[in-house]
Amino acid sequence: MNYSAYSIKDLRKGFKKKQFSSEQVVKDCINDIKDDKLNAFITICEDEAISKAKEADKKINEGIELPLLGVPISLKDIYLTKGIKTTAASKVLNNYIPQYSAPAVEKLEESGAIIIGKTNCDAWAHGSSGENSDFGPTENPYLEGYVPGGSSSGSAVSVAKNLCFASMGTDTGGSIRLPASFCNVVGLKPTYGRVSRYGVISMASSLDSIGHFTKNVEESALILSITAGNDPKDGTTLSEKVDDYESYLKKDIKELRVGMPKEYFSDGLDIRIKNLIEQKLRDLEKLGAKIEIISLPNTEHGTECYYIIQPAEVSSNLGRYDEIRYGNGRENFGDEAKRRIMLGTYVLSSGYYDAYYKKAMQVRTLVKKDFDEAFKKVDVIITPVSPTLPWKIGEKVNDPMAMYLSDVYTVNINMAGIPGLSVPAGFVDGLPVGLQILGPHFSEGKLFQVGQAVENL
Amino acid sequence: MKINIKHIAKLANLHISDEEGKKFEKQLSEILNYVNQLNSVDTKNVEITSQITDLENVTREDKTSPSLSQEEALSNTKSKHNGLFKVKKVL
């Protein structure tokens with residue numbers, strides 16, 4: 001059976017009406033994953049998922065209500081899952097079986113979700129295209145031979161191709177928003193520290209955000225209301241109360257002030273993407289939003305400093321892979337991990353620390369100030385997610401700098417720690433284009449409000 | 001921008017062949033040239049940001065809680081001895 005037209009709500013209604021069981025849905029999804037040629041999954045959790053689905057069916061029959069009861073979801077293979085191989089898409093960890101699960105995963109399971117499999121990604125979440133996986137690239141579901149965006153490539157594809165109903169990804173510089181944009185699904189990068197990072201393999205700890213992919217904005221709000229919250233095991237999680245995200249979905253956007261940063265609509269942007277996003281802004285204006293052109297002057301420098309801070313933290317986090325406690329030797333790192341480890345080691349090495357790392361942390365302050373100033377004038381900011389359409393597999397693999405620059409519209413959001421939501425904005429030449437909505441820290445509710453308005457256009 | 005790949009690889013505990021070294025030298029120099037544009041930013045009297053949500057002194061209660069058993073902790077190692085990790089001689 002094909003569930004492409006089913007939302008999570010529809011699925012749960014179907015369970016209750018006995019149109020189908022969770023077991024049947026899980027088995028159908030697993031068959032679809034096996035038939036799929038896009039290489040979205042590294043591990044299928046067949047036996048575990050079917051046995052959990054049977055338990056879920058029992059609970060459904062008993063009338064137990066849980067927000068994701070019996071709903072199959074996938075996880076980027078960077079989330080630790082107790083007893084299930086977790087590779088980070090790297091040969092270094094191709095035999096690693098975690099002894100515990102990430103709290104984010106536990107929360108989803110407590111809400112009834114069924115983990116159907118672990119998705120492919122750029123190894124260690126390093127990349128913008130999904131091509132850096134040691135298990136082969138994932139392909140774009142809309143055009144053969146094109147990248148799905150990365151690093152959470154398989155997660156985006158798993159939702160876009162209806163192989164499951166939601167997927168968890170990670171976003172350090174755009175790794176959820178970019179693939180969401182390239183695969184025509186909704187992708188959320190929450191405020192830094194809103195969701196626990198514990199048990200999620202670290203890339204750059206001051207930037208890593210735990211978010212997700214869904215088919216629509218409403219489900220993005222639903223998933224965040226489950227995953228968000230304080231976790232004593234992650235000292236950077238925030239104690240602020242978790243908002244009632246779903247309550248924002250019905251609010252209109254009259255008088256909402258929307259900023260359009262000129263730096264995100266300048267020369268480097270594909271004119272066809274520009275036209276599409278500007279059209280959406282005009283449509284929002286018709287609904288009563290007030291569009292204002294703003295400036296985020298340190299945008300370009302933000303990208304430069306991202307490529308100092310991020311590899312510096314990568315080199316430190318990947319230092320632990322020494323083959324002693326788990327995993328294989330460091331000779332198994334792929335090229336991109338080696339590049340980032342070396343770049344990070346260099347900028348942190350004696351004599352260079354002040355010129356690079358300290359300087360970058362100062363510029364980070366300026367980037368954050370740009371957003372603080374902007375949010376005094378506007379409620380949200382809207383930008384494109386990517387300056388270009390998805391590119392051909394192989395096009396940028398030998399040019400790391402070109403690959404890095406595909407993140408220019410996403411990295412500063414991580415630098416500032418603010419939330420960002422990518423929602424589908426339409427197509428150019430058969431390839432999806434995403435629109436990015438940004439707000440101050442903790443404004444996820446507002447992002448869902450605007451995201452819902454864009455979705456309804 | 002010149003980068004001493006051999007030295008950096010040693011610091012990073014990576015084995016880089018001569019051929020790889022050449023490739024990485026070129027690529028890393030390009031990236032460093034790019035990030036060096038930061039030098040044009042005036043950061044005089046600008047504070048650093050290392051924690052973006054301004055958290056300070058996050059502590060937890062000093063209470064013990066269950067942790068991994070010895071057996072679990074060793075479950076992924078290829079090299080153990082008498083319930084301990086076996087490592088190469090350091091000195």
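Colleague: What is a nonpolar core?

Modeller: A nonpolar core is a set of buried Ala, Val, Leu, Ile, Met, Phe, Trp, Tyr and Cys residues joined through C-beta atoms within 7 Å. Buried means that 20 or more other C-beta atoms, placed from the backbone, lie within 10 Å of the residue's own. In soluble globular proteins, nonpolar side chains tend to be buried together. This is a predicted model: local features need pLDDT of at least 70, side-chain atom pairs count only at pLDDT 80 or more, and totals for chains, interfaces and linings use all residues. Residues are numbered from 1 along each chain as its sequence is written, and chains are lettered from A in the order in which they are written.

Colleague: How many residues are in the largest core here?

Modeller: The largest nonpolar core has 154 residues. Ile308(A) is among those with the most contacts inside it. Helix α11 (residues 354-377) of chain A gives the most, with nine residues. Helices are DSSP runs of H or I, at least four residues; strands are runs of E, at least two.

Colleague: What does Ile308(A) touch?

Modeller: Contact means C-beta atoms, placed from the backbone, within 7 Å. Leaving out residues up to four places away in sequence, Ile308(A) touches Val347(A), Tyr356(A), Tyr357(A), Ala360(A) and Val35(B).

Colleague: How many residues does each chain give to the contact?

Modeller: Chain A gives 44 residues and chain B gives 37. On the side of chain A, α11(A) brings the largest share, 10 residues.

Colleague: Which strands stand at the edges of the sheet?

Modeller: Strands pair if DSSP finds at least two bridges between them. The open sheet has 11 strands with mixed pairing. β1 (41-44) and β8 (290-294) of chain A each have a single partner strand, so one side of each is left without a neighbour in the sheet. Five bridges join β7 (residues 257-261) of chain A to β8(A), and the two run parallel.

Notes:
A residue is buried if 20 or more other C-beta atoms lie within 10 Å of its own, exposed if 12 or fewer, and partly exposed in between; C-beta atoms are placed from the backbone. Two residues are in contact if their C-beta atoms, placed from the backbone, lie within 7 Å.
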